[in-house]
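Open your viewer and get ready to click. This tour goes from one selection to the next.

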Amino acid sequence: MLYEWLFSLKGLGGEISVANAHSLYAETWTIVVLVTAVSILAYNVVVFVEAPVLAMWGPAAGRLTGRQS
């Protein structure tokens with residue numbers, strides 16, 4: 001979205017630029033709140049999935065075996 005906002009007029013970033021150019025501040029804030037809500041939701045889904053995955057892989061997840069650090 002940052003790329004769209006800074007370098008193109010496509011997607012939600014582009015819609016923010018267009019809304020700002022036409023002084024449509026309600027639309028700008030609607031997009032910002034929507035993107036923030038979706039981001040928080042996606043983060044919470046990852047947090048929810050993280051616990052079972054880490055429980056399955058154990059505390060040594062991501063470490064090479066046979067080697068001490």
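Start with helix H2, residues 11-21. Its buried residues are Gly13, Gly14, Ile16, Ser17 and Ala19. Colour them and keep them on screen. Keep in mind that this is a predicted model.

Step past the end of H2. Select Ser23, which follows the helix. Its phi is positive, near 55 degrees.

Now zoom out to the whole protein chain. How many helices and strands does the chain have? The count is three helices and zero strands. Along the sequence, the pattern reads α-α-α. Of the 69 residues in the chain, 12% count as buried.

Next, select Thr28. This residue sits in helix H3. Is Thr28 buried or exposed? Its relative accessible area is 8%, and buried means under 20%, so Thr28 is buried. What does Thr28 touch, leaving out residues up to four places away in sequence? Its contacts are Ile16, Ala19 and Asn20. Look back at your coloured set: Ile16 and Ala19 are among the buried residues of H2.

Last stop: the surface again. Select Leu41, Val45, Phe48, Val49, Val53, Met56 and Trp57. Together they form a nonpolar patch with about 810 Å² of accessible area. Pick out Val45, which lies in helix H3, residues 25-57. Its relative accessibility is 46%.

Notes. Residues numbered from 1 in each chain as written. Predicted model: local features only at pLDDT ≥ 70, side-chain atom pairs only at ≥ 80, totals over all residues. Heavy atoms only, no water. Buried < 20%, exposed > 50% of the residue type's maximum accessible area, 1.4 Å probe, protein only. Helix = DSSP H or I, 4+ residues; strand = E, 2+ residues; numbered from the N terminus. Patch = residues over 30% accessible without salt bridge, like charges linked within 9 Å, V, L, I, M, F, W, Y side chains within 5 Å. Areas by Shrake-Rupley, 256 points an atom, 1.4 Å probe, with all protein chains shown as cover. Salt bridge = Lys/Arg side-chain N within 4 Å of Asp/Glu carboxyl O. Contact = heavy atoms within 4.5 Å.
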